[in-house]
Amino acid sequence: MRKQSSANRLNDSALKPHPAGAPTGDPAVDVVLFRRKLMSWYRSHARDLPWRGTSDPYRTWVSEVMLQQTRVAAVIEHYERFLQRFPSMLALALAPEAEVLAAWSGLGYYRRARMLHRAAKFVTSELNGVLPGTSAGLRTLPGIGEYTCAAIASIAFGESIAVVDGNVERVLLRITGRPEENTAAARAFVLALAKLLVPRRRLAERHNAAGDHNQAMMELGATICLPRAPLCLHCPVYSMCRTRGEHLTPPRAVQRSRQSAYLLSLRKSGIATDVLLEQRTADASLMPGMYELPPLPPEAVIGREPLLRLRHSITNTNYYVQVFAARGPQDRVLRRAVPAAKGDLHWTRTSKLASVPLTGLARKVLQRLDVMAVQAVQMPDEENLNIPGEEPLEETD
Ligand code: SF4
(Lines give C-alpha, C1' and ligand atoms only; values in the text may rest on other atoms or scores of the structure.)
Protein backbone atom coordinates (compact mmCIF):
# COMPACT_ATOMS: atom_id res chain seq x y z
CA MET A 1 0.00 0.00 0.00
CA ARG A 2 1.16 3.53 -0.80
CA LYS A 3 2.68 5.23 2.19
CA GLN A 4 1.50 8.76 2.89
CA SER A 5 3.29 11.48 4.73
CA SER A 6 1.16 13.26 7.29
CA ALA A 7 1.60 16.55 5.42
CA ASN A 8 0.06 15.06 2.30
CA ARG A 9 -2.82 13.34 4.00
CA LEU A 10 -6.13 15.00 4.64
CA ASN A 11 -8.12 13.59 7.43
CA ASP A 12 -11.63 14.38 8.52
CA SER A 13 -10.58 14.73 12.10
CA ALA A 14 -8.42 17.69 11.16
CA LEU A 15 -11.38 19.43 9.54
CA LYS A 16 -14.03 19.35 12.23
CA PRO A 17 -16.78 20.24 12.91
CA HIS A 18 -18.65 17.65 10.85
CA PRO A 19 -21.95 18.67 9.35
CA ALA A 20 -24.88 16.90 10.95
CA GLY A 21 -25.45 13.46 9.49
CA ALA A 22 -22.01 13.33 7.86
CA PRO A 23 -20.52 9.87 7.45
CA THR A 24 -17.98 8.89 10.01
CA GLY A 25 -14.75 7.01 9.40
CA ASP A 26 -11.51 8.02 7.79
CA PRO A 27 -12.04 9.55 4.35
CA ALA A 28 -8.39 10.49 3.99
CA VAL A 29 -7.32 11.97 0.66
CA ASP A 30 -3.85 11.51 -0.69
CA VAL A 31 -3.16 15.08 -1.76
CA VAL A 32 -0.26 14.33 -4.10
CA LEU A 33 -2.08 11.47 -5.82
CA PHE A 34 -5.26 13.53 -6.11
CA ARG A 35 -3.44 16.44 -7.73
CA ARG A 36 -1.54 14.14 -10.08
CA LYS A 37 -4.67 12.33 -11.28
CA LEU A 38 -6.60 15.56 -11.62
CA MET A 39 -3.90 17.37 -13.60
CA SER A 40 -3.15 14.45 -15.87
CA TRP A 41 -6.86 14.30 -16.77
CA TYR A 42 -7.12 18.08 -17.17
CA ARG A 43 -4.16 18.28 -19.56
CA SER A 44 -5.82 15.88 -21.96
CA HIS A 45 -9.50 16.78 -21.43
CA ALA A 46 -9.71 20.53 -20.75
CA ARG A 47 -12.12 22.30 -23.06
CA ASP A 48 -10.57 24.73 -25.48
CA LEU A 49 -12.17 27.92 -24.19
CA PRO A 50 -11.23 31.37 -25.53
CA TRP A 51 -10.15 32.75 -22.16
CA ARG A 52 -7.76 29.90 -21.39
CA GLY A 53 -4.06 30.42 -22.01
CA THR A 54 -4.22 34.20 -21.92
CA SER A 55 -1.49 36.07 -20.04
CA ASP A 56 -3.51 39.28 -19.86
CA PRO A 57 -5.06 39.70 -16.38
CA TYR A 58 -7.70 42.04 -17.85
CA ARG A 59 -9.00 39.28 -20.12
CA THR A 60 -9.03 36.79 -17.21
CA TRP A 61 -10.95 39.30 -15.13
CA VAL A 62 -13.56 39.85 -17.83
CA SER A 63 -14.03 36.10 -18.30
CA GLU A 64 -14.37 35.40 -14.59
CA VAL A 65 -17.00 38.10 -14.15
CA MET A 66 -18.93 36.85 -17.18
CA LEU A 67 -18.79 33.24 -15.99
CA GLN A 68 -20.53 33.96 -12.69
CA GLN A 69 -23.82 32.02 -12.81
CA THR A 70 -23.78 31.99 -16.58
CA ARG A 71 -23.47 29.12 -19.03
CA VAL A 72 -20.13 28.72 -20.77
CA ALA A 73 -21.83 28.81 -24.21
CA ALA A 74 -23.46 32.17 -23.41
CA VAL A 75 -20.11 33.59 -22.26
CA ILE A 76 -18.36 32.42 -25.42
CA GLU A 77 -20.99 34.27 -27.40
CA HIS A 78 -20.17 37.56 -25.68
CA TYR A 79 -16.52 37.33 -24.57
CA GLU A 80 -14.66 38.00 -27.84
CA ARG A 81 -17.17 40.62 -28.94
CA PHE A 82 -16.85 42.44 -25.62
CA LEU A 83 -13.05 42.40 -25.88
CA GLN A 84 -13.13 43.62 -29.47
CA ARG A 85 -15.19 46.56 -28.29
CA PHE A 86 -13.16 47.12 -25.10
CA PRO A 87 -9.71 45.62 -25.78
CA SER A 88 -8.09 47.12 -22.68
CA MET A 89 -8.89 48.35 -19.21
CA LEU A 90 -8.49 51.91 -20.46
CA ALA A 91 -10.95 51.40 -23.33
CA LEU A 92 -13.48 50.00 -20.88
CA ALA A 93 -12.93 52.81 -18.37
CA LEU A 94 -13.42 55.51 -21.03
CA ALA A 95 -16.62 54.02 -22.49
CA PRO A 96 -20.07 55.34 -21.52
CA GLU A 97 -21.99 52.94 -19.26
CA ALA A 98 -24.74 52.51 -21.87
CA GLU A 99 -22.21 51.04 -24.30
CA VAL A 100 -20.88 48.62 -21.70
CA LEU A 101 -24.43 47.49 -20.94
CA ALA A 102 -25.17 47.14 -24.66
CA ALA A 103 -22.14 44.85 -25.08
CA TRP A 104 -23.36 42.86 -22.07
CA SER A 105 -26.93 42.56 -23.39
CA GLY A 106 -28.13 38.96 -23.24
CA LEU A 107 -25.63 37.89 -20.55
CA GLY A 108 -27.90 38.99 -17.73
CA TYR A 109 -27.12 40.13 -14.19
CA TYR A 110 -26.27 43.61 -15.45
CA ARG A 111 -24.94 44.70 -12.09
CA ARG A 112 -21.80 42.73 -13.02
CA ALA A 113 -21.25 44.94 -16.07
CA ARG A 114 -21.80 48.12 -14.07
CA MET A 115 -19.34 46.95 -11.39
CA LEU A 116 -16.75 45.86 -13.97
CA HIS A 117 -17.01 49.29 -15.56
CA ARG A 118 -16.76 51.05 -12.21
CA ALA A 119 -13.72 48.98 -11.22
CA ALA A 120 -12.01 49.70 -14.57
CA LYS A 121 -12.50 53.43 -13.95
CA PHE A 122 -11.07 53.06 -10.45
CA VAL A 123 -8.01 51.09 -11.61
CA THR A 124 -7.39 53.59 -14.41
CA SER A 125 -7.70 56.71 -12.28
CA GLU A 126 -6.31 55.52 -8.94
CA LEU A 127 -3.94 52.63 -9.73
CA ASN A 128 -2.25 53.87 -12.91
CA GLY A 129 -4.22 51.34 -14.93
CA VAL A 130 -2.57 48.34 -13.26
CA LEU A 131 -4.81 45.61 -11.88
CA PRO A 132 -3.67 44.56 -8.36
CA GLY A 133 -1.66 41.33 -8.51
CA THR A 134 -2.88 39.74 -5.26
CA SER A 135 -6.22 38.48 -4.02
CA ALA A 136 -6.12 41.00 -1.16
CA GLY A 137 -5.55 43.88 -3.58
CA LEU A 138 -8.23 42.68 -5.99
CA ARG A 139 -10.74 42.38 -3.16
CA THR A 140 -10.67 46.16 -2.71
CA LEU A 141 -12.11 46.74 -6.21
CA PRO A 142 -15.85 47.36 -6.71
CA GLY A 143 -17.82 44.21 -7.49
CA ILE A 144 -14.98 41.74 -6.90
CA GLY A 145 -15.99 39.20 -4.27
CA GLU A 146 -14.16 36.33 -2.64
CA TYR A 147 -14.56 33.91 -5.53
CA THR A 148 -13.58 36.36 -8.28
CA CYS A 149 -10.50 37.72 -6.53
CA ALA A 150 -9.25 34.18 -5.82
CA ALA A 151 -9.87 33.10 -9.42
CA ILE A 152 -8.07 36.11 -10.95
CA ALA A 153 -5.20 35.97 -8.43
CA SER A 154 -4.52 32.30 -9.05
CA ILE A 155 -5.19 32.11 -12.81
CA ALA A 156 -3.61 35.43 -13.84
CA PHE A 157 -0.94 35.87 -11.15
CA GLY A 158 -0.22 32.33 -9.90
CA GLU A 159 -1.18 33.01 -6.29
CA SER A 160 -1.61 29.84 -4.25
CA ILE A 161 -5.17 30.44 -3.19
CA ALA A 162 -8.14 28.07 -3.39
CA VAL A 163 -11.04 28.92 -5.68
CA VAL A 164 -14.35 27.49 -4.50
CA ASP A 165 -17.38 27.74 -6.74
CA GLY A 166 -20.46 25.49 -6.82
CA ASN A 167 -18.63 22.94 -8.96
CA VAL A 168 -15.66 22.66 -6.62
CA GLU A 169 -17.91 22.44 -3.59
CA ARG A 170 -19.87 19.56 -5.12
CA VAL A 171 -16.71 17.63 -6.07
CA LEU A 172 -15.16 17.94 -2.62
CA LEU A 173 -18.33 16.99 -0.75
CA ARG A 174 -18.75 13.93 -2.92
CA ILE A 175 -15.09 12.91 -2.76
CA THR A 176 -15.29 12.90 1.02
CA GLY A 177 -18.77 11.35 1.12
CA ARG A 178 -20.48 14.26 2.79
CA PRO A 179 -24.05 15.31 2.11
CA GLU A 180 -24.48 18.13 -0.38
CA GLU A 181 -25.69 20.68 2.10
CA ASN A 182 -25.61 24.42 1.88
CA THR A 183 -24.63 24.97 5.50
CA ALA A 184 -21.91 27.05 7.12
CA ALA A 185 -20.24 23.87 8.40
CA ALA A 186 -20.21 22.29 4.93
CA ARG A 187 -18.80 25.49 3.39
CA ALA A 188 -16.09 25.72 6.07
CA PHE A 189 -15.18 22.08 5.48
CA VAL A 190 -14.96 22.56 1.71
CA LEU A 191 -12.85 25.70 2.02
CA ALA A 192 -10.40 24.00 4.39
CA LEU A 193 -10.09 21.02 2.07
CA ALA A 194 -9.72 23.19 -1.04
CA LYS A 195 -6.94 25.16 0.66
CA LEU A 196 -5.06 21.97 1.47
CA LEU A 197 -5.36 20.70 -2.08
CA VAL A 198 -4.19 23.79 -3.93
CA PRO A 199 -0.45 23.54 -4.74
CA ARG A 200 1.99 25.88 -3.06
CA ARG A 201 3.86 28.27 -5.29
CA ARG A 202 7.44 27.29 -6.06
CA LEU A 203 9.71 30.05 -7.30
CA ALA A 204 11.50 27.85 -9.84
CA GLU A 205 8.23 26.63 -11.33
CA ARG A 206 7.53 27.89 -14.81
CA HIS A 207 3.89 26.84 -15.11
CA ASN A 208 1.09 28.20 -12.96
CA ALA A 209 0.39 25.22 -10.69
CA ALA A 210 -2.26 26.89 -8.52
CA GLY A 211 -4.15 28.46 -11.42
CA ASP A 212 -4.14 25.21 -13.39
CA HIS A 213 -5.24 23.22 -10.35
CA ASN A 214 -8.16 25.56 -9.67
CA GLN A 215 -9.28 25.47 -13.29
CA ALA A 216 -9.02 21.67 -13.28
CA MET A 217 -11.19 21.42 -10.16
CA MET A 218 -13.87 23.61 -11.72
CA GLU A 219 -13.62 21.69 -14.99
CA LEU A 220 -14.11 18.37 -13.20
CA GLY A 221 -17.30 19.67 -11.59
CA ALA A 222 -18.57 21.26 -14.82
CA THR A 223 -18.00 18.31 -17.13
CA ILE A 224 -17.76 15.06 -15.07
CA CYS A 225 -19.02 15.43 -11.51
CA LEU A 226 -22.33 16.81 -12.75
CA PRO A 227 -25.07 17.90 -10.35
CA ARG A 228 -27.60 15.25 -11.42
CA ALA A 229 -25.92 12.44 -13.31
CA PRO A 230 -22.19 12.41 -12.54
CA LEU A 231 -20.09 10.56 -15.11
CA CYS A 232 -18.26 8.55 -12.46
CA LEU A 233 -16.85 5.97 -14.87
CA HIS A 234 -14.95 8.78 -16.63
CA CYS A 235 -13.80 10.43 -13.42
CA PRO A 236 -10.03 10.74 -12.90
CA VAL A 237 -10.40 10.49 -9.10
CA TYR A 238 -12.95 7.68 -9.09
CA SER A 239 -10.73 5.40 -7.02
CA MET A 240 -10.42 8.06 -4.33
CA CYS A 241 -14.10 8.97 -4.14
CA ARG A 242 -16.41 7.82 -1.35
CA THR A 243 -19.59 8.66 -3.24
CA ARG A 244 -19.08 7.39 -6.80
CA GLY A 245 -22.46 8.52 -8.04
CA GLU A 246 -24.45 7.35 -5.05
CA HIS A 247 -25.13 10.89 -3.99
CA LEU A 248 -28.47 12.22 -2.88
CA THR A 249 -29.73 14.31 -5.76
CA PRO A 250 -30.88 17.70 -4.52
CA PRO A 251 -34.46 18.46 -5.60
CA ARG A 252 -34.87 20.68 -8.63
CA ALA A 253 -35.97 24.21 -7.89
CA VAL A 254 -39.66 24.73 -8.58
CA GLN A 255 -40.20 26.36 -11.99
CA ARG A 256 -42.70 29.21 -12.15
CA SER A 257 -44.58 30.37 -15.22
CA ARG A 258 -45.48 33.93 -16.15
CA GLN A 259 -47.20 35.42 -19.19
CA SER A 260 -46.14 38.71 -20.69
CA ALA A 261 -46.97 40.73 -23.78
CA TYR A 262 -45.08 43.45 -25.65
CA LEU A 263 -45.76 45.88 -28.45
CA LEU A 264 -43.68 45.97 -31.62
CA SER A 265 -44.11 49.39 -33.22
CA LEU A 266 -42.04 50.41 -36.24
CA ARG A 267 -42.04 53.60 -38.29
CA LYS A 268 -40.29 54.65 -41.45
CA SER A 269 -37.96 57.62 -41.31
CA GLY A 270 -36.72 58.22 -44.87
CA ILE A 271 -34.94 55.02 -45.84
CA ALA A 272 -34.31 54.17 -42.18
CA THR A 273 -36.60 52.37 -39.73
CA ASP A 274 -37.21 53.26 -36.09
CA VAL A 275 -38.53 50.97 -33.38
CA LEU A 276 -40.33 52.14 -30.25
CA LEU A 277 -38.51 51.17 -27.04
CA GLU A 278 -39.24 51.87 -23.42
CA GLN A 279 -36.51 52.48 -20.86
CA ARG A 280 -36.93 50.83 -17.48
CA THR A 281 -36.76 53.26 -14.60
CA ALA A 282 -33.47 53.90 -12.80
CA ASP A 283 -34.94 52.51 -9.57
CA ALA A 284 -36.43 49.33 -11.09
CA SER A 285 -35.43 46.31 -9.03
CA LEU A 286 -34.62 44.34 -12.19
CA MET A 287 -32.47 45.64 -15.04
CA PRO A 288 -32.73 49.36 -14.14
CA GLY A 289 -32.14 51.69 -17.07
CA MET A 290 -32.25 48.92 -19.70
CA TYR A 291 -34.39 49.21 -22.86
CA GLU A 292 -37.20 46.87 -23.85
CA LEU A 293 -40.27 46.76 -26.09
CA PRO A 294 -43.20 48.58 -24.41
CA PRO A 295 -45.06 46.07 -22.18
CA LEU A 296 -48.80 45.57 -22.81
CA PRO A 297 -51.44 44.84 -20.15
CA PRO A 298 -53.34 41.53 -20.61
CA GLU A 299 -56.67 43.26 -21.42
CA ALA A 300 -55.10 45.02 -24.44
CA VAL A 301 -54.32 41.77 -26.23
CA ILE A 302 -57.53 39.77 -25.71
CA GLY A 303 -58.60 38.17 -29.01
CA ARG A 304 -55.47 39.27 -30.87
CA GLU A 305 -53.11 37.03 -32.75
CA PRO A 306 -49.46 37.67 -31.79
CA LEU A 307 -46.69 38.22 -34.31
CA LEU A 308 -44.40 36.04 -32.25
CA ARG A 309 -44.62 33.63 -29.32
CA LEU A 310 -41.56 32.51 -27.42
CA ARG A 311 -40.43 31.13 -24.09
CA HIS A 312 -37.80 33.03 -22.17
CA SER A 313 -36.29 31.55 -19.01
CA ILE A 314 -34.79 33.62 -16.26
CA THR A 315 -33.42 31.49 -13.42
CA ASN A 316 -36.47 29.60 -12.12
CA THR A 317 -39.15 31.43 -14.08
CA ASN A 318 -40.40 30.61 -17.56
CA TYR A 319 -41.88 33.64 -19.29
CA TYR A 320 -44.36 32.86 -22.05
CA VAL A 321 -43.99 35.94 -24.18
CA GLN A 322 -46.25 37.24 -26.92
CA VAL A 323 -45.36 40.15 -29.19
CA PHE A 324 -48.11 42.16 -30.90
CA ALA A 325 -48.06 44.74 -33.66
CA ALA A 326 -50.59 47.55 -33.95
CA ARG A 327 -53.29 47.02 -36.62
CA GLY A 328 -52.52 50.30 -38.33
CA PRO A 329 -52.64 53.87 -36.97
CA GLN A 330 -56.33 53.50 -35.96
CA ASP A 331 -55.57 50.73 -33.47
CA ARG A 332 -56.95 52.55 -30.42
CA VAL A 333 -56.63 49.67 -27.98
CA LEU A 334 -52.87 49.39 -28.30
CA ARG A 335 -52.52 53.17 -28.56
CA ARG A 336 -54.26 53.55 -25.21
CA ALA A 337 -52.13 50.75 -23.72
CA VAL A 338 -48.90 52.56 -24.68
CA PRO A 339 -49.85 56.26 -24.92
CA ALA A 340 -47.40 58.41 -26.85
CA ALA A 341 -47.13 60.75 -23.86
CA LYS A 342 -45.89 57.99 -21.60
CA GLY A 343 -42.44 58.83 -20.26
CA ASP A 344 -39.32 56.85 -21.18
CA LEU A 345 -40.51 55.95 -24.69
CA HIS A 346 -37.86 56.34 -27.37
CA TRP A 347 -37.96 55.92 -31.14
CA THR A 348 -34.66 54.22 -31.84
CA ARG A 349 -33.00 53.71 -35.23
CA THR A 350 -32.87 49.96 -35.89
CA SER A 351 -29.35 50.25 -37.36
CA LYS A 352 -28.15 51.52 -33.96
CA LEU A 353 -29.69 48.78 -31.82
CA ALA A 354 -26.34 47.03 -31.25
CA SER A 355 -25.19 49.99 -29.16
CA VAL A 356 -28.39 50.20 -27.07
CA PRO A 357 -28.48 48.46 -23.66
CA LEU A 358 -31.36 46.12 -24.47
CA THR A 359 -32.69 43.50 -22.09
CA GLY A 360 -31.87 39.96 -23.20
CA LEU A 361 -35.53 39.36 -24.03
CA ALA A 362 -35.82 42.52 -26.17
CA ARG A 363 -32.68 41.54 -28.04
CA LYS A 364 -34.00 38.03 -28.62
CA VAL A 365 -37.37 39.30 -29.91
CA LEU A 366 -35.87 41.95 -32.18
CA GLN A 367 -33.47 39.42 -33.67
CA ARG A 368 -36.18 36.79 -34.17
CA LEU A 369 -38.31 39.37 -36.01
CA ASP A 370 -35.35 40.51 -38.16
CA VAL A 371 -35.57 44.02 -36.75
CA MET A 372 -32.04 43.66 -35.38
CA ALA A 373 -29.14 41.92 -37.06
CA VAL A 374 -27.74 38.79 -35.43
CA GLN A 375 -23.99 39.06 -35.02
CA ALA A 376 -22.05 35.99 -36.05
CA VAL A 377 -20.08 34.34 -33.28
CA GLN A 378 -17.19 31.92 -33.55
CA MET A 379 -18.25 28.94 -31.47
CA PRO A 380 -16.20 25.83 -30.66
CA ASP A 381 -17.76 22.56 -31.80
CA GLU A 382 -21.16 21.70 -30.31
CA GLU A 383 -19.93 18.65 -28.43
CA ASN A 384 -17.67 20.79 -26.29
CA LEU A 385 -20.47 23.21 -25.52
CA ASN A 386 -23.05 20.65 -24.55
CA ILE A 387 -22.27 20.66 -20.86
CA PRO A 388 -25.18 19.27 -18.90
CA GLY A 389 -23.64 20.23 -15.57
CA GLU A 390 -23.67 23.93 -16.19
CA GLU A 391 -26.24 26.04 -14.45
CA PRO A 392 -29.52 25.76 -16.41
CA LEU A 393 -29.76 29.46 -17.13
CA GLU A 394 -31.14 29.67 -20.62
CA GLU A 395 -31.09 33.44 -20.50
CA THR A 396 -30.45 35.36 -17.35
CA ASP A 397 -31.65 38.68 -18.68
S1 SF4 B 1 -16.39 9.47 -8.76
FE2 SF4 B 1 -18.34 10.40 -9.37
S3 SF4 B 1 -19.13 11.41 -7.53
FE4 SF4 B 1 -16.94 10.97 -7.19
S5 SF4 B 1 -15.90 12.87 -7.78
FE6 SF4 B 1 -15.90 11.50 -9.55
S7 SF4 B 1 -17.74 12.08 -10.73
FE8 SF4 B 1 -17.95 12.94 -8.67
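Me: Two residues are in contact if their C-beta atoms, placed from the backbone, lie within 7 Å. Of the contacts in the protein with a separation of 6 or more, what percentage joins residues 24 or more positions apart?

Reply: This is a predicted model, where local features need pLDDT of at least 70, side-chain atom pairs count only at pLDDT 80 or more, and totals for chains, interfaces and linings use all residues. Residues are numbered from 1 along each chain as its sequence is written. Among contacts with a separation of 6 or more, the share made by residues 24 or more positions apart is 69%.

Me: Good to know! How many helices and strands does the protein have?

Reply: Both are DSSP runs numbered from the N terminus: helices are H or I with at least four residues, strands E with at least two. Counted like that, the protein has 10 strands, and its helices number 14.

Me: How does helix α9 lie against helix α11: roughly parallel or roughly perpendicular?

Reply: Helix α9 covers residues 166-175 and helix α11 residues 209-223; their axes (lines fitted to C-alpha atoms over the stretch in contact, with angles from 0 to 180 degrees between N-to-C directions) cross at roughly 80° and come within 8 Å. Because of that angle, α9 counts relative to α11 as roughly perpendicular (65 to 115 degrees; under 35 is roughly parallel, over 145 roughly antiparallel, the rest oblique).

Me: Which residues of α11 take part in that contact?

Reply: The α9 side brings N167, V168, R170 and V171. Facing them from α11 are M217, M218, L220, G221 and A222.

Me: And which residues of helix α10 does α9 meet?

Reply: Helix α10 spans residues 184-197 and packs against α9 at about 90°, with the axes 10 Å apart. That angle makes α9 roughly perpendicular to α10. On the α9 side are V168, E169, L172 and L173, and in α10 they meet A186, V190, L193 and A194.

Me: How many bridges join β3 to β9?

Reply: Strand β3 (residues 256-264) and strand β9 (residues 317-325) run parallel. R258 stands opposite Y319 in β9. The number of bridges joining β3 to β9 is 9.

Notes:
Two strands pair if DSSP finds at least two bridges between them.
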